[in-house]
Amino acid sequence: IDRKPIFEMVQGKRVLVTGAGGSIGSEICRQLKSFHPSQLLLLDIDETELHNLSLELHDYQQEFSPEIFPVCCDIKNKGKIDEVFETFKPQIVFHAAAYKHVPMMEMYPEEAIRTNIPGSYNVLVAAKEAHAEKVIVISTDKAVNPTNIMGATKRVVEMEAAMLTSDETPIVCVRFGNVLGSRGSMLPLFFEQIKAGVPITVTDKNIIRYFMAIPEAVGLVFRAGAMGKGGEVMVLDMGEPVKIYDFAQKLIDIYGDKEKNKIIITGLRPGEKLYEELLANKDNTLPTSNSRIFKAKVTGTLRQTSFEKLLATIQEDDTKTLIRNLQATIPEFTKKPCKDWKTFTIVS
């Protein structure tokens, strides 16, 4: 990856990363150090991950400093977000904070909707008001023709970015698939199952996914963000899809016990697709100067006045209303029936 445009974007700048404690956010912070920002602000609601990351970035010598400073904050808290941006005036913002676990958010759709949509809006508006030079939003392949709440909320965030981008504060979204080794993902789970001597669980024998190593994904996020002019959804080429069943079988062959670690098929989880959409399909994207990065062809827009009316009641609306409004905003969103947490009765 050509590092020069990334240096030009980051070097000597105040950089803020939301969701800094997560798998992608923390790797963004690690790699940002090598581009020498004047100040690196780590924002997350998870105080433990925030503390651990700050300690790591300080080479375990101190917990925080003016150059690398942790900010404990919930992105839903508009007043606190505004205060953070007014205080630190970040010039570059990487927005990675979101609820991302698909089956969990199918059970708690109100949490995904009330966090991802207004929380992102708070961050993007605050960045504009603080005259940030660029905002890079981490999106997902699950925003393409979404079949789950998480993907639909991330598509709304992409539309927020397109609505709010400006020449002064360009906002670029970067969309990619699964990353190997991220928290809650397939690879760590398979290794834990092998270690425990229990069967490996695969949801469907034919399920496929696109994968990329975390450092590689973040490197391309930087390049796509530097390349973007504002308002675009940039798409990373994730390479060839991986058949999960075959992947699990190879892990068993190398590390496992063929008797204890047999593969069992559990069925697709709530909100899960058998095949994720092709990210770099020629029908859905346009090429750029980088062969690994494309621009998505997207449809749908938001009107700020009507959208802010939805946001005004989003914390009080009941779950059915929230889902109905989400489907009205994202017409291509096809939600499958799923139990929510209230259907699980008391166990005596």
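User: In β11, which residue is the bridge partner of arginine 175?

Analyst: The bridge partner of arginine 175 in β11 is valine 235. Strands here are DSSP runs of E with at least two residues, and helices are runs of H or I with at least four, both numbered from the N terminus. The model is a predicted one, in which local features need pLDDT of at least 70 and side-chain atom pairs count only at pLDDT 80 or more, while totals for chains, interfaces and linings use all residues. Residues are numbered from 1 along each chain as its sequence is written, and side-chain values use heavy atoms, leaving out hydrogens and water.

User: In which sense do β6 and β11 pair, and over how many bridges?

Analyst: β6 and β11 (residues 233-236) pair in the parallel sense, over three bridges. Two strands pair if DSSP finds at least two bridges between them. β6 also pairs with β5 (residues 134-140), in the parallel sense and over six bridges. There, isoleucine 136 stands opposite valine 172 of β6.

User: How many residues of β6 are buried?

Analyst: Six of the six residues in β6 (171-176) are buried, and the strand is described as mostly covered. Buried means under 20% relative accessible area, exposed means over 50%, and partly exposed lies in between (1.4 Å probe, protein chains only). In a regular strand the side chains alternate between the two faces of the sheet. From β6, Ile171, Cys173 and Arg175 point one way, whereas Val172, Val174 and Phe176 point the other way.

User: What is the strand order of the whole sheet?

Analyst: The sheet is open, has nine strands and runs β3-β2-β1-β4-β5-β6-β11-β15-β14, with mixed pairing. At its edges are β3 (68-72) and β14 (285-287), each of which pairs on one side only. The twist averages 25 degrees from one strand to the next. Axes are lines fitted to C-alpha atoms (for helices, over the stretch in contact), and angles run from 0 to 180 degrees between N-to-C directions. Within the sheet, β1 (residues 14-18) and β4 (residues 92-95) pair in the parallel sense over four bridges. Valine 17 stands opposite phenylalanine 94 in β4.

User: Moving on to the rings: how many aromatic pairs are there?

Analyst: There are eight. Rings of Phe, Tyr and Trp (its six-membered ring) pair if their centres lie within 6.5 Å; planes under 30 degrees apart count as stacked, over 60 as edge-to-face and the rest as tilted. One of the pairs is phenylalanine 7 with phenylalanine 35, edge-to-face at 5.0 Å centre to centre and 70 degrees between the planes. This pair links distant parts of the chain, with phenylalanine 7 in α1 (residues 4-10) and phenylalanine 35 in the loop between α2 (23-33) and β2 (39-44), 28 residues apart.

User: Is phenylalanine 35 buried or exposed?

Analyst: Phenylalanine 35 counts as buried because its relative accessible area is 2%. Phenylalanine 35 also forms an edge-to-face pair with phenylalanine 222, at 5.7 Å centre to centre and 90 degrees between the planes. Phenylalanine 222 lies in α9 (residues 214-227), 187 residues away from phenylalanine 35. Phenylalanine 222 is buried as well, at 0%, whereas phenylalanine 7 is partly exposed at 22%. Phe7, Phe35, Phe94 and Phe222 form one aromatic cluster.

User: And α2, why is it described as largely enclosed?

Analyst: Because nine of its eleven residues are buried, α2 is largely enclosed by the rest of the structure. Among the buried ones are Ser23, Ile24 and Leu32. Serine 23 has a relative accessible area of 18%. Leaving aside neighbours within four places in sequence, serine 23 is in contact (heavy atoms within 4.5 Å) with Ser182, Arg183 and Ile214.

User: Last topic: what does tyrosine 255 touch?

Analyst: Not counting residues up to four places away in sequence, tyrosine 255 touches Phe191 and Ile194. Tyrosine 255 lies in α10 (residues 244-255) and is exposed, with a relative accessible area of 52%.
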